[in-house]
Amino acid sequence: MTSVARLDDYRQVAPRGAVDLLLRLGERLQGRSLVNVSGSRYRGLTIEVLNRLVPILNDLGIDTSWEVTIGTGDFESITHTVARALAGTEQVVTDAMLVRLREVGEENAKRLRLDADLVMVHDAAPLLLVESRAANGRWLWRCHHDLSSPQPQLWNMLRPVAQRYDAVIFSDARFAAPLSVPRFVIHPSVDPLSERNRDMGRSEQATHLDRLRVPRDKPFLLQIGQFQRSHDPLGVINAYRLVKKHYDLRLVLAGSAPGSGDNVLAEVQEAASQDPDVRVILLPPDPQAEMNALERAATIVIYKPLSAGFGINVSAAMWKGKPVVGSLAGGIPNQILPGVTGYTVETVEGAAFRIRHLLGNPELIGRMGAAGREHIRRNFLITRHLGDYLALLAMLTK
Amino acid sequence: MSGEPFVFHGGVDLKELLPYEAHDVRQLLEQVGRVPLESLFCHTAAALLHRSTQPTGYPNDFAHWTGHEIRDQRLAERLAAIDPFESGSLEEMRGELTATLSDHLQHFPPSVPGLGVEPFRFFQTHLVPVPTGHQARTLREFRDALAEVDVSALFYHLIEARYRLGRGRGDFAEWVAAALELPQVAERLGAIVPYGGSLERIRDRHLTVLTAALDEQQRR
């Protein structure tokens with residue numbers, strides 16, 4: 001559950017002077033209006049960020065609202081299909097689906113309050129709203145996902161729609177598609193005051209670890225991620241086995257259950273059944289405090305997906321002062337400073353080697369963890385994200 | 001004391017992705033010759049804006065890319081040695097970059113990039129200046145405010161002012177000389193070279209100079 005935070009609350013965690021700068025920028029923008037539009041108010045990291053930023057923006061005197069598109073059941077399934085196709089997964093997208101998307105867009109455009117200096121449309125579901133845009137106000141499409149290799153046929157149809165926006169924002173340069181309108185890159189962020197990232201004392205950590213049945217008698221490696229083949233949990237187990245020959249430690253793999261058709265969880269559980277030091281945890285719904293406790297108690301965090309979005313989990317672990325050994329997928333290399341806050345690796349052997357190196361030089365674990373926390377403080381906190389949005393408002397709504 | 005107070009400005013920067021990419025050194029040479037000067041500023045001097053306070057290797061994005069993606073250490077070292085703070089102008093720096101790349105290509109034709117090599121993507125930085133709320137009329141107030149302001153103020157008054165907007169030795173040195181009439185302190189501030197450091201290190205070096213100047217004033 002996200003409690004209401006004021007910008008002043010971030011003084012204790014943001015870089016020196018940053019909150020004052022944001023307050024001043026906010027003062028300059030008082031009276032301007034911003035409306036966010038998303039396809040949901042309940043799922044995903046985008047939603048967590050909006051939950052926090054919308055009240056703060058209003059506190060700053062910027063008239064900020066958050067509208068949600070509504071459609072029938074078929075609309076939701078169409079938007080999921082379209083989102084997956086835009087991310088490059090082969091999907092069947094029919095003309096009828098696109099007609100339906102357009103119809104729902106038109107219906108929502110009549111219903112929603114979209115009269116603002118800046119309209120920020122998040123992700124694929126409300127994308128077509130722009131076709132009904134009024135003459136006043138600037139429109140931004142905030143594309144949170146990887147648009148570097150969309151399904152060509154679909155993109156041919158949607159690209160002209162995207163180009164009706166005044167600018168498009170991507171989470172990473174790697175995710176950007178060529179467009180004729182300006183493209184900005186705004187990285188995701190972590191909220192240091194959220195349940196996932198707030199400070200947590202050792203006794204509370206211990207309570208969560210006990211509940212999750214993670215013994216505290218040995219150091220442990222941790223990977224948090226859905227039990228999908230794309231997160232390579234079996235690769236992580238193999239890396240752990242290479243390390244285990246030299247160090248007495250545990251591996252904790254924690255995540256949500258996979259969707260249908262991915263049987264990697266059974267394979268992971270089979271591998272774990274042969275080694276009492278491998279702990280596989282199916283996390284409960286909304287496991288923010290549990291993930292917080294696991295990351296704080298871990299010795300080294302691994303994040304080794306074969307493909308990924310931005311992978312903001314890396315920043316969440318670094319914020320807790322942990323060195324991260326991560327793959328080169330998605331936005332992970334943008335977060336890890338190799339040799340300073342952790343390592344990026346391409347192979348199981350590389351992961352094992354780096355973990356062994358860290359365990360063999362325990363002073364490095366502390367030093368890299370501290371450097372990682374500072375790196376996140378300066379570059380990946382929600383205060384930076386707020387500054388980015390304020391800067392957009394200042395630049396685009398002069 | 002005379003003159004106007006020093007009003008500290010910081011800034012929030014936004015990065016715009018430009019439609020230029022390089023996949024190998026030859027393309028990097030072509031694009032460096034073509035992109036707006038603002039983009040060269042973004043990848044050299046403005047790289048300071050988000051540089052870690054820890055040593056992370058090369059001081060500009062071109063050197064970083066050739067070193068880490070193309071894995072051409074020789075070229076990376078030569079590009080790293082180009083000091084944007086020493087070049088007379090951004091156009092001169094473009095000349096230095098293209099001369100270095102051309103010379104390297106004459107001796108070492110580019111190899112085919114390996115699998116998984118990320119292209120060099122060109123950006124442009126947009127800085128939205130914001131008053132920080134701090135201002136100073138005396139050397140002590142100036143030192144104390146400099147210790148407190150957002151680190152982007154260092155970028156705005158030193159890097160942006162001096163190397164992009166051509167404001168003399170940077171706003172700090174110019175104000176100390178003109179408003180406080182302390183030319184020697186101004187000279188020492190103006191001599192602080194940002195190359196290879198981080199904004200926090202640059203702040204520390206300014207604070208050292210200012211604290212020493214205050215001690216000197218007190219002894220007199």
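Q: Is Glu181(B) buried or exposed, and what is its relative accessible area?

A: Keep in mind that this is a predicted model. The cut-off for calling a residue exposed is over 50% relative accessible area. Glu181(B) comes out at 54%, so it counts as exposed.

Q: Where in chain B does Glu181(B) lie?

A: Look for the loop between helix H8 (171-178) and helix H9 (183-190) of chain B; Glu181(B) lies there. Check its backbone too: Glu181(B) has a positive phi of about 55°, although it is not a glycine.

Q: Which residue of chain A has a positive phi of about 55° although it is not a glycine?

A: That's Asp232(A). You'll find Asp232(A) in the loop between strand S7 (220-224) and helix H7 (233-244) of chain A.

Q: Why does Asp232(A) count as buried?

A: Buried means under 20% relative accessible area. Asp232(A) has 14% relative accessibility, so it counts as buried.

Q: What about a glycine: is Gly350(A) buried or exposed?

A: Gly350(A) is buried, with a relative accessible area of 17%. This glycine belongs to helix H12 (residues 348-360) of chain A.

Q: Now the strands. How many residues of strand S4 of chain A are buried?

A: Five of the six residues of strand S4 (residues 138-143) of chain A are buried, and the strand is mostly covered.

Q: Which strands pair with S4(A)?

A: Start with strand S3 (residues 118-122) of chain A: S3(A) and S4(A) pair in the parallel sense over five bridges. To locate that pairing, find Met120(A), which stands opposite Leu140(A) in S4(A). Then go to strand S5 (residues 167-170) of chain A, which runs parallel to S4(A) and is joined to it by four bridges. Here Cys143(A) has Phe170(A) in S5(A) as its bridge partner.

Q: How do side chains sit along a strand?

A: In a regular strand, side chains alternate between the two faces of the sheet.

Q: In which sense do S1(B) and S2(B) pair?

A: S1(B) and S2(B) pair in the antiparallel sense, over 13 bridges. One pair to look for is Val12(B) with its bridge partner in S2(B), Val128(B).

Q: Why is S2(B) described as largely enclosed by the rest of the structure?

A: Count its buried residues: 12 of the 17 residues of S2(B) are buried, so the rest of the structure largely encloses this strand.

Q: Let's turn to the interface. How many residues of chain B are in contact with chain A?

A: On the chain B side there are 36 residues, in contact with 28 residues of chain A. About 2600 Å² is buried between the two chains, and carbon and sulfur atoms give 62% of that area.

Q: How many salt bridges and polar contacts are counted between the chains?

A: There are three salt bridges between chain B and chain A. One of the salt bridges joins Arg16(A) to Glu200(B), with the closest N and O atoms 3.1 Å apart. Seven residue pairs are in polar contact across the interface.

Q: Which elements of chain B give two or more residues to the side that touches chain A?

A: They are strand S1 (6-22), strand S2 (120-136), helix H6 (139-148) and helix H10 (199-219) of chain B. The residues on this side divide into 14 nonpolar, 12 polar and 10 charged.

Q: Which strand of chain A pairs with S1(B)?

A: Strand S6 (residues 183-185) of chain A pairs with S1(B) in the antiparallel sense over three bridges. To see where, find Phe184(A) and its bridge partner in S1(B), Glu16(B).

Notes: Residues are numbered from 1 along each chain as its sequence is written. Chains are lettered from A and ligands numbered from 1 in the order in which they are written. This is a predicted model: local features need pLDDT of at least 70, side-chain atom pairs count only at pLDDT 80 or more; totals for chains, interfaces and linings use all residues. Side-chain values use heavy atoms; hydrogens and water are left out. Contact means heavy atoms within 4.5 Å. Buried area is the accessible area (1.4 Å probe) that two parts lose on being put together, summed over both. A salt bridge is a side-chain nitrogen of Lys or Arg within 4 Å of a carboxyl oxygen of Asp or Glu. A polar contact is a pair of N or O atoms within 3.5 Å; within protein, one must be able to donate a hydrogen and the other to accept it, and residues adjacent in sequence count only if both atoms are side-chain atoms. Ala, Val, Leu, Ile, Met, Phe, Trp, Tyr, Cys and Pro count as nonpolar, Asp, Glu, Lys and Arg as charged, and the others, Gly among them, as polar. Two strands pair if DSSP finds at least two bridges between them. Buried means under 20% relative accessible area, exposed over 50%, partly exposed in between (1.4 Å probe, protein chains only).
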